Amino acid sequence: DQRVLLGERRQRVAQLHAQREDLQLRMAELDSVIQERRQGVDSYQARMEELQQQATAAQGRLQPLENEWQQHNEALAAARRDREDHTVALRHMDSSLHEKRTALDELRSCRSAQDVALAEQRMRRQNIVDRLAQEYHLTPEELEAQPDPEWPDGVEPDRETQETLIAEIRTKLESMGPVNLIAIEEHEELEERFTFLTNQQNDLVQAKQQLLEMIRRINQTTTEMFQRTFDAVNGNFQETFKQLFGGGSAKLVLVDDEEVLESGIEIIARPPGKKLQSVSLLSGGERTMTAVALLFALYMVKPSPFCMLDELDAALDDANINRFVQMVEGFVKRSQFVVITHNRQTIEAADALYGVTMEKFGVSKIMSVRFHKHADEPPEEAAPAPVS
């Protein structure tokens with residue numbers, strides 16, 4: 001026991017010697033750091049003394065600069081007062097100049113108006129002279145030599161009334177025109193043309209009424225068919241939604257009940273444990289399940305002998321895939337389904353499996369396996385078809 005204890009003590013002494021060496025090295029490092037810190041403190045003190053001397057020198061140069069700054073401020077204030085005086089004088093001069101320019105503009109406008117009026121009077125006089133020469137073959141001198149006309153009641157009407165009376169008389173003269181000897185034949189042709197166009201118009205009006213009535217009946221029939229189909233799909237959708245989700249409720253709602261053919265359709269769904277909301281607010285898997293329910297609801301209204309589903313179960317979890325498979329199996333009696341999928345549960349429910357493999361690089365081979373419901377029947381495997 002003493003020997004064991006002696007060995008432990010020696011081992012402890014060796015460990016302490018090793019720790020002492022590490023501590024000595026650490027103390028040497030700390031002494032070096034302390035020496036560097038002392039040298040830095042000395043350099044900082046020297047720098048502080050130098051900065052103190054520079055501050056004292058700058059304090060001595062500050063007073064002359066303040067006196068110079070005061071002189072410059074006084075000169076600046078005097079210059080500002082002079083500028084304000086000049087600004088006031090300039091403002092008065094600008095006001096006087098603006099008034100004079102306004103008066104000049106008014107005079108120019110008045111002159112322009114007088115020039116325009118004079119030009120209009122000259123043009124009117126020239127038009128009257130030309131009109132006298134063309135229509136009445138008179139010159140202004142000959143017109144002045146003519147006696148004044150005799151007016152009814154001895155009162156001369158105003159200029160506008162005279163022009164109106166002249167225009168009426170000229171219109172009557174022009175409407176008479178020369179004698180037309182073939183007017184009777186033209187009247188018969190025009191009457192025959194009028195009768196033909198009237199009959200054509202009546203035919204077009206009747207055709208328009210028939211088309212409008214046909215459009216109305218088509219819209220009515222289409223609306224009724226759409227409403228019946230919509231109600232059937234809505235009822236099927238509610239049932240398929242409950243079957244796929246194991247509860248909840250869903251429905252289809254028309255956005256505009258008045259214009260059924262132009263209305264959009266809103267899908268409202270409430271999965272179990274959630275409140276009623278639009279399909280756009282559901283998660284990806286819930287939207288997929290809702291779309292599957294709507295797909296089978298449409299399929300129930302007008303089933304097809306064949307149906308192809310391309311990775312419809314990609315976004316579904318195991319529980320939802322099980323309900324999806326049960327839904328598909330319920331339709332297998334009426335239709336044949338071709339499902340493209342990577343999910344094992346969906347593959348297990350299939351009757352036949354088709355896949356593509358690549359045993360050699362660049363050469364694909366199609367494999368097919370048919371699953372039988374009875375174990376005593378031998379399985380069949382289609383011959384591989386190499387595809388390059």
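Predicted model: local features only at pLDDT ≥ 70, side-chain atom pairs only at ≥ 80, totals over all residues.

Trainee: How many residues does helix H6 have, and what distance does it reach from its first C-alpha to its last?

Mentor: One begins with the number of residues and the span expected at 1.5 Å a residue. Helix H6, which runs over residues 318–331, has 14 residues and reaches 20 Å from its first C-alpha to its last, close to the 20 Å expected.

Trainee: Which residues of H6 are buried, and where around the axis do they lie?

Mentor: A residue is called buried when its relative accessible area is under 20%. In H6 this applies to Asn-320, Ile-321, Phe-324, Val-325, Met-327, Val-328 and Phe-331. These residues cover an arc of only 160° around the axis, and therefore they are on the same side of H6.

Trainee: Which elements do the buried residues of H6 pack against?

Mentor: Their partners are the helices H4 (183–245), H5 (284–301) and H7 (344–348), together with the strands S4 (306–310) and S5 (336–340).

Trainee: Which residues have the most contacts inside the largest nonpolar core?

Mentor: For a core, one looks at its members and then at the elements they come from. The largest nonpolar core has 31 residues, and those with the most contacts inside it are Phe-237, Phe-241, Leu-244, Leu-252, Phe-296, Phe-324 and Phe-337. Two or more residues each are given to this core by H4, S1 (249–254), S2 (265–270), H5, S4 and H6, and H5 provides the largest share, seven residues. If we leave aside neighbours within four places in sequence, Phe-237 is in contact with several residues, including Leu-252, Ile-267 and Ala-297.

Trainee: Is Asn-234 buried or exposed, and what does its side chain reach?

Mentor: With a polar residue, one compares its accessible area with the cut-off and then looks for partners. Because its relative accessible area of 12% is under 20%, Asn-234 counts as buried. This residue lies in helix H4, and its side chain reaches the backbone nitrogen of Leu-252 at 3.0 Å.

Trainee: Where does Gln-277 lie, and why is it called buried?

Mentor: Gln-277 lies in strand S3, residues 277–278, and it is called buried because its relative accessible area is 17%, under the 20% cut-off. Gln-277 is 10 residues from Ile-267 in sequence, while their C-alpha atoms are 8.7 Å apart in space. Beyond its neighbours within four places in sequence, Gln-277 is in contact with Ile-267, Ile-268, Ala-269 and Leu-282.

Note on methods. Residues numbered from 1 in each chain as written. Heavy atoms only, no water. Helix = DSSP H or I, 4+ residues; strand = E, 2+ residues; numbered from the N terminus. Expected span 1.5 Å × (residues − 1). Buried < 20%, exposed > 50% of the residue type's maximum accessible area, 1.4 Å probe, protein only. Arc of directions from axis to C-beta. Contact = heavy atoms within 4.5 Å. Core = buried A, V, L, I, M, F, W, Y, C linked by side-chain atoms within 4.5 Å. Polar contact = N/O pair within 3.5 Å; in protein donor to acceptor, adjacent residues only side chain to side chain.
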